[in-house]
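Subject: Structure for you to look at

Hello,

Here is the structure I promised to send over. Please open it alongside this note and follow along.

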Amino acid sequence: PSKQQFISYVESYAARFNIKPVFNQTVEKAEFDVASGLWTVKTQDAVYSSTWLVCLDLCRYNSLPHMVVRNSVHVLPRDFFGLSSFGIAMTLLKWFPLKLVDNLLLLLAYLSLGNTDRLGLRRPKTGPIELKNVTGKTPVLDVGAISLIQSGQIRVMQAVKEITKKGAKFVNGQEMEFDSIILATGYKSNVPYWLKDNSFFTKEGMPKTPFPNGWKGENGLYTVGFTRRGLLGTAFDAVKIAEDIRASLLRVPYYVLFFFFFFFCSLESKGQPLIKSFSLLFLPRSSNVCSSHIIHFDFNKS
């Protein structure tokens, strides 16, 4: 689907189920209230953006931003011939090995963006999708920054050695003065900071249960996007969670089934029970248990 089709789908889905998302909020605390059986979430206003987008905005106001890129990074076009880069990758991964898909993405990126190493943007030796799966490091999708770097409107700098009174000194010995310095130091999972019951997460903020079973916690807690497998892993989590929620809504407690069974079995017609016998088949919830139990009930009038 196109970007507009995706946005239209999300908006119609939210309207259909009366979902009212709250944007630009950072979670301060989330905890499960046993008494009410509900989650309590406390947030505060916050707005975040990436280094690349900040530089684009600054250029629109005739500033001359200098962007520090300390490590190697994969930069991919947002789309190829109108098709999403990640969409192409996820589709190809269904039929081709990962390394082949990575090589194809790098070839298309070279044809579209040129040699980014010449711009000070060194590419990692590991392919973009493989790197995402192994380390969780996401490729940068270019939305116009590369052309501004090529024209000199955005300047790529090496790592900062120290901050001075009027600017910064870089590891290559160069020293420059700046009007403002914006710290864009990346991000990491801060779930253990605000999730009060963090037994489901490690101290690094990742689920303790490894992929593909790290999407479900306790008390209705679900996690999406912690697989370190990009959009493919996120899609896997989303489908599993949707299936689990649907199953929980359709699940009927055993005691309700027993009530109705015994109710109908107590009915009589002309002195004879309407239901003389029935059997119940119990299947374990765990897929690791290969056993079941059958209970047979036989009703005789005495």
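Below is what I found, taken region by region.

One caution before the details: this is a predicted model. Please read every value below as computed from that model.

Start at helix H1, residues 3-16. Its 14 residues should span 20 Å at 1.5 Å a residue. Just after H1, Asn18 takes a positive phi of about 55°.

There is also a nonpolar patch on the surface here. Its members are Phe6, Tyr9, Val10, Tyr13, Phe17 and Ile19. Together they have about 620 Å² of accessible area. One of them, Tyr9, is found in H1.

**Salt bridges**

How many salt bridges does the structure hold? The count is seven. I describe some of them here and in the hairpin section.

Glu28 and Lys42 form one, at 3.8 Å from N to O. This pair links distant parts of the chain. Glu28 is in strand E1 (residues 25-33), and Lys42 is in strand E2 (residues 38-45). They are 14 residues apart. Glu28 is partly exposed, with a relative accessible area of 28%. Lys42 is partly exposed too, with a value of 48%.

Arg60 and Asp57 form another, at 2.5 Å from N to O. Both residues lie in helix H2, residues 51-60. They are three residues apart, which is about one turn of the helix. An α-helix has 3.6 residues a turn, so residues three or four places apart point the same way. Arg60 counts as exposed, at 58% relative accessibility. Asp57 is partly exposed, at 39%.

**The cysteines**

Is Cys55 buried or exposed? Cys55 is buried, with a relative accessible area of 6%. Cys59 is buried as well, at 10%.

What about disulfides? The count comes to zero. Cys55 is in no disulfide, and the nearest cysteine sulfur to it is that of Cys59, 6.8 Å away. A disulfide needs the two sulfur atoms within 2.5 Å. At 6.8 Å, the sulfur of Cys59 is therefore too far from that of Cys55 for a bond.

**Helix H3**

Helix H3 covers residues 85-92. This helix is mostly covered, with six of its eight residues buried. The buried ones are Ser85, Phe86, Ile88, Ala89, Met90 and Leu92.

Now go to strand E9, residues 160-163, and strand E10, residues 167-170. The two run antiparallel and are joined by three bridges. They form a hairpin with three residues between them. Val160 stands opposite Phe170 in E10.

Which residue in E10 is the bridge partner of Glu162? It is Lys169. The side chains of Glu162 and Lys169 also meet in a salt bridge, at 3.8 Å from N to O. Glu162 counts as partly exposed, at 38% relative accessibility. Lys169 counts as partly exposed too, at 24%.

E10 also pairs with strand E11, residues 175-177. Three bridges join E10 to E11, and these strands run antiparallel. Lys169 has a bridge partner here as well: in E11 that partner is Glu175. So far as the strand pairing goes, Lys169 is bridged to Glu162 and to Glu175. The hairpin of E10 and E11 has four residues between the strands. In that hairpin, Gly173 takes a positive phi near 95°.

**Where to look**

- Lys169 in E10, with bridge partners Glu162 and Glu175.

Best wishes

Definitions and conventions. Residues are numbered from 1 along each chain as its sequence is written. This is a predicted model: local features need pLDDT of at least 70, side-chain atom pairs count only at pLDDT 80 or more; totals for chains, interfaces and linings use all residues. Side-chain values use heavy atoms; hydrogens and water are left out. A salt bridge is a side-chain nitrogen of Lys or Arg within 4 Å of a carboxyl oxygen of Asp or Glu. Buried means under 20% relative accessible area, exposed over 50%, partly exposed in between (1.4 Å probe, protein chains only). The expected span of a helix is 1.5 Å times one less than its number of residues. Patches are made of residues with over 30% relative accessible area and no salt bridge: like charges are joined within 9 Å, nonpolar side chains (Val, Leu, Ile, Met, Phe, Trp, Tyr) within 5 Å. Accessible areas come from the Shrake-Rupley method with a 1.4 Å probe; for residues, only the protein chains shown count as cover. Two strands pair if DSSP finds at least two bridges between them.
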